[in-house]
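Reader: Please take a close look at the aromatic pairs. One connected account will do.

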Amino acid sequence: MIKAILFDLDGTLLDTVEDIRACLNAVMRKFGYPEASRGQTCAYIGDGAFKLLERALPQGADNAQECYEMFASLYAENKNTLTKPFEGAEAFLQKCVERGLKTAIITNKPQEATQNCVKQFFKHKFDFVSGDSGAFPCKPDPSLALYAALTMRVAPAECVFVGDGETDALTAKYAGMFGVSVLWGYRSRKQLEEAGATRFACDFAELEKIVFQA
């Protein structure tokens, strides 16, 4: 029986790519590096902000830490004017409440930016929210997901892990949770299948059918 749903954030509940891109390109301009397109930024997202910067920097650049620190500061301070919830997200969260399900966010986004986005865009009160605070390894390491389950007092097998990335599919597998990959985010079905994903939702209506019948 499903008792909790754990969500990724970027590409799953929120479309954040343009704000991420704006902050990333501010860093690229500062150091005279080529700016990233939307498609490139989508490809860079998924394994945390430091990896985002590593992937964006040109070969041979040796200032990844400096670029990361600038990006993290800019993104924490930005107003998220280009970010929006995916259609159906808030309504789906409300249905989770009506069914008595606990909800969590497990993301590789920096912690301060995660808290800002959740506060700004959701009326829903999550039972657990965590980004990359440095306390746990980033996904696909399952440690944070397992800690969230422990904190919410549910067994991993009673949890659904919902995300749009390869890291999310792998986190679900490693944590022993029921994984669902959404197809409205930043990865293709082929990329997700290659990561081992087997259950897919094209929209929140389809996600509802999968999750509430699990």
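Author: Rings of Phe, Tyr and Trp (its six-membered ring) pair if their centres lie within 6.5 Å; planes under 30 degrees apart count as stacked, over 60 as edge-to-face and the rest as tilted. The structure holds eleven such aromatic pairs. The model is predicted: local features need pLDDT of at least 70, side-chain atom pairs count only at pLDDT 80 or more, and totals for chains, interfaces and linings use all residues. Residues are numbered from 1 along each chain as its sequence is written, and side-chain values use heavy atoms, with hydrogens and water left out.

Take F31 and Y33. Their ring centres are 6.3 Å apart and the planes stand at 20°, so this pair is stacked. F31 is partly exposed, at a relative accessible area of 24%. Buried means under 20% relative accessible area, exposed over 50%, and partly exposed in between (1.4 Å probe, protein chains only).

Now F86 and W184. Here the centres are 6.5 Å apart and the planes at 50°, so the pair is tilted. F86 sits in the loop between β3 (84–85) and α5 (89–98), W184 in the loop between β7 (178–182) and α9 (189–194), so the pair ties together parts 98 residues apart in sequence. Helices (H or I, at least four residues) and strands (E, at least two) are DSSP runs, numbered from the N terminus. F86 is buried, with a relative accessible area of 14%. W184 is buried too, at 16%.

Both rings belong to a cluster. Ring pairs link F86 and W184 with F7, F92, F204 and F212.
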